[in-house]
Amino acid sequence: MRILAFVALIPMTAAAFAPRPAVAGYNLPWCANYYDSNVIACSFTSFEQCMASVSGVGGHCTQNILYPPRPPYAEPHRVKSRPVSGYY
């Protein structure tokens, strides 16, 4: 039974330490529209950075209509308590 548990633990441990790709921000203010592949990449913080990316390969830059991102949840509504004005 211990050997079976050990064998089952090996793949889970290997998966935990496997290399993962870096996560990039794709919801930034500027988007590059590349002509050759019809790819839209919204990963630029400035217009100049976007133009430097499309120069030489062809494309144009537009503002990201989904920026700024919405907060993941709304601020909770707080109810003000009123002081109790005595007994009835």
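**View 1. The side chain of Asn64 reaches the backbone oxygen of Leu28 at 2.9 Å.** This is a polar contact, that is, a pair of N or O atoms within 3.5 Å; within protein, one must be able to donate a hydrogen and the other to accept it, and residues adjacent in sequence count only if both atoms are side-chain atoms. The model is predicted: local features need pLDDT of at least 70 and side-chain atom pairs count only at pLDDT 80 or more, whereas totals for chains, interfaces and linings use all residues. Residues are numbered from 1 along each chain as its sequence is written, and side-chain values use heavy atoms, with hydrogens and water left out. Asn64 lies in the segment after strand E3 (59-63); helices (H or I, at least four residues) and strands (E, at least two) are DSSP runs, numbered from the N terminus. Asn64 has a relative accessible area of 9% and is therefore buried (under 20%; exposed is over 50%, partly exposed in between; 1.4 Å probe, protein chains only). Residues up to four places away in sequence aside, Asn64 touches Asn27, Leu28, Pro29, Trp30, Cys31 and Cys42 (contact means heavy atoms within 4.5 Å).

**View 2. Trp30 and Phe47 form an edge-to-face aromatic pair.** A search of the whole structure finds one such pair. The ring centres are 5.2 Å apart, with 65° between the planes (centres of Phe, Tyr and Trp rings, for Trp the six-membered ring, must lie within 6.5 Å; planes under 30 degrees apart count as stacked, over 60 as edge-to-face and the rest as tilted). The pair links distant parts of the chain, 17 residues apart: Trp30 belongs to strand E1 (residues 30-34) and Phe47 to helix H2 (residues 47-54). Trp30 counts as buried because its relative accessibility is 18%, whereas Phe47, at 35%, counts as partly exposed.

**View 3. Eight residues make up the largest nonpolar core.** They are Trp30, Ala32, Tyr34, Ala41, Phe44, Cys50, Val54 and Cys61 (a nonpolar core is a set of buried Ala, Val, Leu, Ile, Met, Phe, Trp, Tyr and Cys residues joined through side-chain atoms within 4.5 Å). E1, strand E2 (39-44) and H2 each supply at least two residues of this core, and E1 gives the most, with three.

**View 4. Three strands form an open antiparallel sheet in the order E2-E1-E3.** Strands pair if DSSP finds at least two bridges between them; four bridges join E1 to E2. Ala32 stands opposite Ala41 in E2.
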